[in-house]
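Here's a quick walk through one protein chain, meant to be read with the structure open beside you. Take a look first, then read on.

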Amino acid sequence: MFSTTSIVEPENPTSKAVIHRGAVAVITGAASGIGLAAAKHLARHGLNVVMVDVAQSLDASAKEVKQVEGSGDVVPVHCDVSNIEDVVKLREQVLDTYGECQVLMNNAGISRPTPAFSLDRDLKDLQSDWAAVLGVNMNGIINVAQAFAPFMSRQENESVIINTGSKQGVTCPPGKAGYNVSKAAVKVFTEQPRLTLSPGWVFTGLSGANDGKPKPPGAWTPEQTIEYMFEKVLEEGDFYVICPDNETTPSAAAPTRTNADFQALDKARIQWALGDIIENRPALSRWHPSYAARYEDFIESRQGLAARSRSRGRAPLDRIPDVPGEREQYRFQQ
Ligand SMILES: NC(=O)c1ccc[n+]([C@@H]2O[C@H](COP(=O)([O-])OP(=O)(O)OC[C@H]3O[C@@H](n4cnc5c(N)ncnc54)[C@H](O)[C@@H]3O)[C@@H](O)[C@H]2O)c1
C-alpha cells in the first residue's frame with residue numbers, strides 16, 4: 001500500500017561504515033512513526049541522533065530516545081523541511097557540532113485529502129492541501145538532500161542518504177492524487193543521483209496511530225519496517241527497498257502465504273502498473289472496472305496460482321474506491 005525510497009551514494013556503504021558508535025544520524029520526521037523507530041534503532045547502535053520535526057511532541061520523543069540503552073547524543077531540532085532557510089540552519093548546526101553526517105534519513109511526510117480535482121471543494125482549500133503535501137513530501141526531500149549531499153559526499157567518512165518515498169508513488173492508487181504525485185516525485189528524484197528505499201503499509205501517525213486507534217492487522221509496525229529497511233540497504237546493498245506489510249506477508253489473516261508469494265504480489269502489482277503504458281491500457285487500470293478481472297487473473301498467474309479465467313467478466317463499478325471525483329474520472333475514460 002505505501003512505500004519508501006532511499007538514496008545511497010556513491011556506492012552502498014557497508015553497515016559497519018555508517019552505523020557505529022559516535023557516527024552521526026540526521027532523521028527528519030523523527031517525532032513519530034518510522035522516523036522515531038529509526039532514531040531508536042540508531043541510538044541503540046550508539047550513533048549521535050539529530051531528530052528533526054515540526055511537531056510539539058518532538059522533545060518528548062527525544063527524551064524517549066535518550067532512554068534507549070547505549071544511546072549517544074540525542075538532539076531535537078525544530079525545523080520545517082519545506083522551508084529551505086530552516087534546512088540550511090539545520091545543516092549548519094549539524095556541521096558546526098559534528099562536522100559530518102553518516103546517515104541522513106529524509107523521512108518527514110504528511111498525508112492530506114488531495115484528489116486530482118474536486119466537484120464540491122473550494123479551489124483555494126484544495127490547492128492549500130496540495131501545496132502542503134508537495135511542500136513537505138517533495139520539496140522537503142529535495143531541500144534536505146540538496147543542502148546536505150554536497151557536504152556528505154566531500155566528507156572523509158562514508159555516508160548514506162535514505163529518502164522515504166512510498167509504494168503509492170509507483171502504483172499510484174486513485175484517490176490521493178497529491179500524495180501519489182509527491183511520492184512519484186521522490187522516486188524520480190532519488191533515481192537521478194542513484195540514491196535508494198520503499199516501505200509497505202506501516203501503522204504510524206500518518207495512518208492513525210497517534211489517534212489511539214488499534215493497529216490494523218494488515219499494517220507493519222515502524223520498528224519492523226526500520227529493521228527490514230536498514231538490512232536491505234546496508235547489508236544487502238539494495239537500491240529499491242519495497243517493504244512488506246501484513247497484507248503482503250504471511251499473517252494470521254493469510255497464514256498460507258509464503259515470503260515468495262508476498263514478493264510475487266508486490267512485483268506483480270508494480271509490473272501491472274508499468275504494463276498500463278506498454279499495453280496501452282487506461283491509466284491506473286488496476287482500479288478500472290473493465291480491467292478488474294484481467295488484473296486479478298494477472299496477479300494470480302504471477303503468484304503461481306491458477307488464473308480463474310474471469311477475464312471476460314466485467315467487474316461492477318463498486319470495485320472502484322468511493323472517492324469523490326474518482327468514479328466520474330473512470331466514467332470519462334470508458
Ligand atoms: N505509514 C505508512 O504506511 C507509510 C508507508 C509508506 C511511506 N510512508 C512515509 O513514511 C514517512 C514517515 O511517515 P510515518 O508513517 O512515520 O508518519 P508519522 O505521521 O508518524 O511521521 C511523520 C512525521 O513527519 C513530521 N513532519 C510533518 N511535516 C513536517 C515538516 N514540514 N518538517 C519536519 N517534519 C515534519 C510529522 O510531524 C511527523 O512527526 C512519510 O514520508 C510517509 O509518507 C508511510
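## The chain at a glance

Keep in mind that this is a predicted model. The chain has 334 residues, and 45% of them are buried. Its secondary structure comes to 11 helices and 6 strands.

## Two helix pairs

A quick bit of background: a pair of packed helices is described by how far apart the axes are and by the angle between them.

Start with α2 (residues 33–44) and α8 (residues 222–235), whose axes come within 8 Å and cross at roughly 60°. That makes the two helices oblique to each other, and α2 passes α8 in a right-handed crossing. On the α2 side, the contact uses Gly33, Ile34, Leu36, Ala37, Ala38 and His41, while α8 brings Pro222, Glu223, Thr225, Ile226 and Phe230. Sort the residues of this contact by class and you get 7 nonpolar, 3 polar and 1 charged.

Now for α4 (residues 84–98) and α5 (residues 123–154): their axes come within 9 Å and cross at roughly 30°. Are they roughly parallel or oblique to each other? With angles under 35 degrees counted as roughly parallel, α4 and α5 are therefore roughly parallel. α4 passes α5 in a right-handed crossing. Ile84, Val87, Val88, Arg91 and Leu95 of α4 meet Asn143, Val144, Ala147, Phe148 and Phe151 of α5. The class count for this contact is 8 nonpolar, 1 polar and 1 charged.

## One face of α10

Helix α10 covers residues 292–302, and Ala292, Arg294 and Tyr295 are buried there. Looking down the axis of α10, you'd find its buried residues within an arc of 160°, so they line one face of the helix. The general rule behind such patterns is that an α-helix has 3.6 residues a turn, so residues three or four places apart point the same way.

## Around Asn180

Asn180 sits in helix α7 (residues 177–191). Why does Asn180 count as buried? There are 22 C-beta neighbours inside 10 Å of Asn180, and the cut-off for buried is 20 or more. Leaving out residues up to four places away in sequence, Asn180 touches Gln168, Gly169 and Cys172. Asn137 is 43 residues from Asn180 in sequence, yet the C-alpha to C-alpha distance is 9.9 Å.

## Two positive phi angles

Most residues other than glycine have a negative phi. Cys172, one of the residues Asn180 touches, has a positive phi near 50°. Cys172 lies in the loop between α6 (168–171) and α7, and it counts as buried because it has 22 C-beta neighbours inside 10 Å.

Asn280 also has a positive phi, near 55°. You'll find Asn280 in the loop between α9 (259–278) and α10. Is Asn280 buried or exposed? Asn280 has 7 C-beta neighbours inside 10 Å, so it counts as exposed.

Note on methods. Residues are numbered from 1 along each chain as its sequence is written. This is a predicted model: local features need pLDDT of at least 70, side-chain atom pairs count only at pLDDT 80 or more; totals for chains, interfaces and linings use all residues. A residue is buried if 20 or more other C-beta atoms lie within 10 Å of its own, exposed if 12 or fewer, and partly exposed in between; C-beta atoms are placed from the backbone. Helices (H or I, at least four residues) and strands (E, at least two) are DSSP runs, numbered from the N terminus. The arc is that of the directions from the helix axis to the C-beta atoms. Axes are lines fitted to C-alpha atoms, for helices over the stretch in contact, and angles run from 0 to 180 degrees between N-to-C directions. Angles under 35 degrees count as roughly parallel, over 145 as roughly antiparallel, 65 to 115 as roughly perpendicular and the rest as oblique. A crossing is left-handed if the near helix is turned anticlockwise from the far one by less than a right angle, and right-handed if clockwise. Two residues are in contact if their C-beta atoms, placed from the backbone, lie within 7 Å. Ala, Val, Leu, Ile, Met, Phe, Trp, Tyr, Cys and Pro count as nonpolar, Asp, Glu, Lys and Arg as charged, and the others, Gly among them, as polar.
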